[in-house]
Amino acid sequence: MKCLFLFLLFAAIASYAKIVAVLEITPVDETVGLKIAEYRHLTDELRTRAREALPRDYTVLTRDNIISLMPPDSEQADCLAESCAVEIGRAIGAEYVTQGFVGHFGDMLTLTVELYESMSGNMLGSFVTESYSIMGLLGTIREKSQTLFASIKPDGEPKQGDYAARSKAANEAAKDAVNGPAGKSEGGGWGLRNWTRVAAYALTAGCVGMAIYKHTKVEDSKDKLSKLDKNLPLESGFDDWHESYVSSIDAAKSNEKQRLIYGISAGASALVVVLTFVF
């Protein structure tokens, strides 16, 4: 039972990762002539830089995560899309949110990226750049993202209680989101740390299950011994009874040892989960 409690405890810890939503970079109007794929590439680069700049206990939502968390009602979703980043961040349960816009300044392209704290609505940081090409905008994202996300300081982070109303869907998306430099901005590529967690969870669950199974086998052996004691032969068949008695004792000892081994393995696996969060 102790191993099962530890497993559930560590699984619960994983659900409290701090959530950052990097919203899609969009044009300020229809006159900006970039392709959809180019806007997505700029956004993906910003997400990648966010993962590299933020501590490991932060989860950066992917594009699919954000879409899945938007309200199912189309009118409400459209209303949010026309609103500011802060409202979207609150709606999807993200502590921090960024928004970006591409526009024109004379013959040059401009890019504005802003970072907000969702609950307070305060803008923590931003950067603005101009370039004659999209490559210049991409270079600025790579150059200034580290400073932008450094605006999220541990001392200024909101307390967990401030987000008690976070939706269950946001927590589930945070678990599935890519986390860490080894991850990719979309679907696959979880990275070594996340795969280690999955393997450790599976091993812990398996060990707990086997320990419970062996405990049941021990109890069965004890019941059999009890019955043998009550049916001790007085005249004949003693050899058969003695053989069954010795066999039941050996089985009970073997199951006790295996249950101990599975319990130790479950504890070691849970420790691996903790270490993937700490280091």
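Before we start, the model is predicted, so local features need pLDDT of at least 70, side-chain atom pairs count only at pLDDT 80 or more, and totals for chains, interfaces and linings use all residues. Residues are numbered from 1 along each chain as its sequence is written, and side-chain values use heavy atoms, with hydrogens and water left out.

We've got 5 strands in an open sheet, order 2-1-3-4-5, with mixed pairing. Strands here are DSSP E runs of at least two residues, helices are H or I runs of at least four, and both are numbered from the N terminus. Two strands pair if DSSP finds at least two bridges between them. Which strands stand at the edges? Strand 2 and strand 5 (123–131) do; each has a single partner strand, so one side of each is left without a neighbour in the sheet. In the sheet, strand 3 and strand 4 run antiparallel, joined by 10 bridges. One detail there: Phe105 has Met108 in strand 4 as its bridge partner.

Now the helices. Helix 5, residues 85–92, lies across strands 1, 2, 3 and 4, at about 150° to strand 3. Helix 6 lies across strands 1, 3, 4 and 5, at about 160° to strand 5. For those angles, axes are lines fitted to C-alpha atoms, for helices over the stretch in contact, and the range is 0 to 180 degrees between N-to-C directions.

On to the inside. A nonpolar core means buried Ala, Val, Leu, Ile, Met, Phe, Trp, Tyr and Cys residues joined through side-chain atoms within 4.5 Å. Buried is under 20% relative accessible area, exposed over 50%, partly exposed in between, with a 1.4 Å probe and protein chains only. The largest core has 26 residues, and Leu42, Leu54, Val102, Leu111 and Phe149 have the most contacts inside it. Helix 6 gives the most to this core, 6 residues. Looking at Leu54, and skipping residues up to four places away in sequence, it touches Val20, Val60, Phe149 and Ile152; contact means heavy atoms within 4.5 Å. There's also a second, separate core of 14 residues, including Leu23 and Ile88.

One more residue: Thr43, in helix 2. Is Thr43 buried or exposed? It's buried, at a relative accessible area of 0%. With the sequence neighbours up to four places away left out, Thr43 touches Val22, Leu23, Glu24, Ile25 and Arg63.
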